[in-house]
Every structure is written in C-alpha cells, then in structure tokens.
Amino acid sequence: SEMGKCRFIIKRQKYLELLEQDSVPAAMQCLQTELTPLGEEPTVIHALAALVACPNSQALRLRAGWDGAGAQGRKEVLTELNGFLPPSVMLPQNRLDTLVSQALQHQMDLCLRYNRVEPWTDLLQDCHATEERVPQVTLANLDKHTDEVWYVQFSNNGKLLASASKDKTIIIWNVTFETKEPEPVYILSGHSDSVSFVSWSHDDQKLLSCGNDQTIRLWDIATGTLLRIYHGHQEPATALAWMPCGTRFVSGGYDKKIFTWKTDSEEPEAQYSGERISDLVVSKDGSRMVTISTDRKIRIFQLPSMQETACTTEKESLTSISLSYDSRYLLINVCSESNPEVQHSAASLSV
C-alpha cells in the first residue's frame with residue numbers, strides 16, 4: 001500500500017542513520033522488528049542487512065546509494081515520500097514557486113504588447129507594456145537579392161538571418177549589428193529555380209533549403225559549402241522541419257508527398273501521401289507534426305507513426321504556420337479571398 005511504502009522509506013532512513021552512527025545492535029533491531037514486517041521483497045531486506053559489513057560511513061553511503069543523515073539525505077526522503085502522499089497531506093516540492101510562476105506567466109499572456117525575452121517578474125503590479133515597446137523603426141534594408149524574397153528565417157541564436165529568393169540564391173546575413181549595416185556572410189548558389197523555404201538546424205551549424213527545382217539542399221554554415229542534395233519530390237518542395245535529434249528532417253511539397261530523411265543519405269527514409277503541402281512544423285520534442293495544405297486543411301500527426309490525430313478545415317486559404325516555443329499553440333496565417341488582407345488565427349495544439 002501507499003502507506004506501507006511511506007513507512008518503509010522512513011524506517012530505511014532510520015536504519016541507515018543508525019549504521020552510520022555505528023549503532024549496529026540498534027540498527028539490526030530496527031531491521032528485524034520495524035523493516036522486515038512491512039512485507040518488502042526478501043532481496044531488499046537482504047541487501048539492507050549486508051550493509052552491516054561496510055567498514056565506514058563512506059563505504060555505507062557508496063554501497064547504499066545514500067546521501068547520509070544530513071540535510072541532503074533527509075531531503076531525498078521527503079522527495080520520495082512526495083511521490084506517495086496526496087497534496088492534501090504533503091505539499092508538492094516548490095509548490096509556491098510553481099504558483100508564482102503560473103501567475104506571472106498568466107500576466108504575460110494577458111498583455112498583448114509584451115515582447116521582451118526576459119519574463120515578467122514584478123509581483124506588485126500587473127504586466128504591462130506600452131506601444132513604445134513594439135518595434136516601429138526600420139534598422140536596416142537588406143537589398144542584395146536581385147529578385148523577390150520569398151522567405152526569411154533567423155538562426156536560433158539570433159545572430160544570422162537566412163533569406164531565400166526567386167533569384168535562386170540564399171543569402172546568410174550577419175545581423176548582430178557589430179557593423180553599421182548587416183552584411184552577407186555567404187551567398188549560397190546552386191538551386192536551378194526559385195528558393196521558397198529555409199530551415200536552420202538546432203545548433204545553427206547547417207541549413208536546409210528547397211524550392212521550385214524540386215530539390216532539397218543541405219549547407220554547411222561554417223564554410224558556406226553544399227553538403228548534400230536530396231531528390232524525391234516531383235513538384236516544388238515547399239516546407240522543411242528538423243527533428244530534435246539534428247540528424248533527420250521532414251519535407252513536404254506540392255506533389256502531395258511528405259518525406260522523412262536522414263542527413264547522411266540522399267534517399268528518403270520514408271514516404272507518405274496526402275495533400276499539396278503549403279507548410280509544416282514539428283513539435284519541440286519531435287512527437288507531433290502539423291501540416292497545412294492548399295485545400296485549407298490543418299492536420300496533426302503523431303510521430304514517427306504518422307498517424308493522424310486531428311484535422312480541421314478553415315474557410316479561407318492558409319499560407320503559413322508557426323509553433324509556440326512550448327509546442328502548445330499554433331499561429332496560422334489566413335488569406336481571405338474575399339478580403340485580401342492577411343489575417344492571423346491562433347489554435348491550441350492540446351489534442
């Protein structure tokens with residue numbers, strides 16, 4: 001029973017503390033009259049009895065995997081007990097910290113203009129941000145492309161920006177503003193048609209690109225060199241997403257195909273058929289993928305099985321999607337055909 005487990009944890013701590021104090025007779029009495037009757041497996045009791053042979057307290061701690069009779073050891077006991085006792089009997093560890101963090105997060109969620117990287121920490125007043133905190137000034141114009149820019153994405157560390165263009169190139173920009181104007185670090189050439197999408201690896205060491213030439217290309221950011229070309233799509237490849245491991249990724253295209261790839265192989269790992277993919281994202285833990293398609297559908301898949309867990313259809317065309325950092329919410333660009341102004345829609349991913 002739960003209560004029996006709690007008694008065993010406490011009595012075991014008593015037994016170990018008696019051994020550490022070299023009170024062997026008292027420890028053995030505790031083992032025989034208090035621990036053994038609790039009905040634990042004989043192998044557990046035998047292992048505890050064998051600790052009597054430890055020559056010193058250091059050997060006892062090492063063999064028992066125990067932190068001793070001090071504050072740390074007893075803290076471990078409380079942690080173990082916490083797993084068996086209901087909150088009404090014993091408050092969960094750091095409960096107050098959790099409640100305060102939740103309250104502060106709620107304040108940030110309610111403030112539409114709060115866009116700082118640092119969390120709100122003021123308990124004396126509600127979270128607030130004025131319009132002055134919303135970026136309103138153009139810092140630089142990046143104008144090295146010779147045709148339309150179709151996609152941009154910051155690196156994860158925020159120091160580089162990749163821009164994909166109809167001019168068939170990707171430009172890697174240094175946007176640390178160490179110089180007056182951002183300058184191109186590399187101009188990546190090789191695509192034979194417009195480049196429509198780029199995706200940074202989680203460590204920012206590599207970049208994937210794809211576009212209307214139906215190929216996917218892997219680039220080394222340290223040297224600006226092409227590492228590999230992936231062939232599989234029969235129509236423009238439109239979206240890419242890295243898996244958390246950093247050695248696999250997913251691609252989607254207008255050929256109604258979704259491929260999974262390993263970076264070290266030019267052949268697809270797996271293939272799935274569906275709809276003409278406009279965009280796709282993978283959750284931070286790699287357990288789910290969300291796709292949007294030209295038929296206005298939003299689909300959620302379980303990974304790696306690719307089992308569909310949810311599907312909804314919007315009234316208007318879907319252009320792009322973005323997943324929140326905690327993978328709980330989805331932001332969708334919706335383009336109304338009756339009203340060409342681009343709109344935004346937010347959705348919960350808790351399915």
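Is Arg276 buried, partly exposed or exposed? Arg276 is partly exposed, its relative accessible area being 30%. The model described here is a predicted one.

The structure contains 12 salt bridges. One of them involves Arg276, whose side chain meets that of Glu235 with an N to O distance of 3.2 Å. Glu235 sits in the loop between β8 and β9 (237–242) and Arg276 in the loop between β12 and β13 (277–282), so this pair ties together parts 41 residues apart in sequence. Glu235 is partly exposed, with a relative accessible area of 32%.

Arg228 and Glu266 form another salt bridge, in which the closest N and O atoms are 3.9 Å apart. Because Arg228 belongs to strand β8 (residues 225–231) and Glu266 to the loop between β11 (257–262) and β12 (270–273), the pair ties together parts that are 38 residues apart in sequence. Arg228 counts as partly exposed at 24% relative accessibility, and Glu266 counts as partly exposed at 42%.

## A buried pair and a network

The side chains of Arg299 and Glu275 also meet in a salt bridge, at 2.3 Å from N to O. Arg299 is in strand β15 (residues 297–302) and Glu275 is in the loop between β12 and β13; the pair links distant parts of the chain, 24 residues apart. Arg299 is buried, with a relative accessible area of 13%. Glu275 is buried as well, with a relative accessible area of 17%.

## Helix α2

Which residues of helix α2 (residues 24–35) are buried? They are Ala27, Cys30, Leu31 and Leu35. These residues lie on the same side of α2 because they cover an arc of only 95° around the axis. An α-helix has 3.6 residues a turn, so residues three or four places apart point the same way.

The face of α2 turned away from the buried side carries Pro25, Gln29 and Gln32, which are exposed.

## Helix α6

Helix α6 (95–110) has 16 residues and spans 23 Å from its first C-alpha to its last, close to the 22 Å expected at 1.5 Å a residue. Its buried residues are Leu104, Gln107 and Met108. They cover an arc of only 100° around the axis, which puts them on the same side of α6. Asp109 and Leu110, on the other side of α6, are exposed.

## A nonpolar surface patch

Val137, Leu139 and Phe177 make up a nonpolar patch on the surface, and together they have about 330 Å² of accessible area. Val137 is located in the loop between α6 and β1 (149–154). With 66% relative accessibility, Val137 counts as exposed.

Ser57 belongs to helix α4 (residues 57–64). At 33% relative accessibility, Ser57 counts as partly exposed. Ser57 is 38 residues from Leu19 in sequence, and the two C-alpha atoms are 7.9 Å apart in space.

## Cysteines

How many disulfides does the structure hold? The number is zero. Among the cysteines, Cys311 is partly exposed, with a relative accessible area of 38%. Cys335 counts as partly exposed at 23% relative accessibility, whereas Cys30 is one of the buried residues of α2.

## Backbone geometry in the loops

The peptide bond from Leu303 to Pro304 is cis, with omega near 5°. Pro304 is in the loop between β15 and β16 (307–313).

Lys256 is not a glycine, yet it has a positive phi of about 65°. Lys256 lies in the loop between β10 (248–253) and β11, and at 44% relative accessibility it counts as partly exposed. Arg296 is not a glycine either, and its phi is positive at about 70°. Arg296 lies in the loop between β14 (288–293) and β15. The relative accessible area of Arg296 is 24%, and the residue is partly exposed.

Note on methods:
Residues are numbered from 1 along each chain as its sequence is written. This is a predicted model: local features need pLDDT of at least 70, side-chain atom pairs count only at pLDDT 80 or more; totals for chains, interfaces and linings use all residues. Side-chain values use heavy atoms; hydrogens and water are left out. Patches are made of residues with over 30% relative accessible area and no salt bridge: like charges are joined within 9 Å, nonpolar side chains (Val, Leu, Ile, Met, Phe, Trp, Tyr) within 5 Å. Accessible areas come from the Shrake-Rupley method with a 1.4 Å probe; for residues, only the protein chains shown count as cover. A salt bridge is a side-chain nitrogen of Lys or Arg within 4 Å of a carboxyl oxygen of Asp or Glu. Helices (H or I, at least four residues) and strands (E, at least two) are DSSP runs, numbered from the N terminus. Buried means under 20% relative accessible area, exposed over 50%, partly exposed in between (1.4 Å probe, protein chains only). The expected span of a helix is 1.5 Å times one less than its number of residues. The arc is that of the directions from the helix axis to the C-beta atoms. A disulfide is a pair of cysteine sulfur atoms within 2.5 Å.
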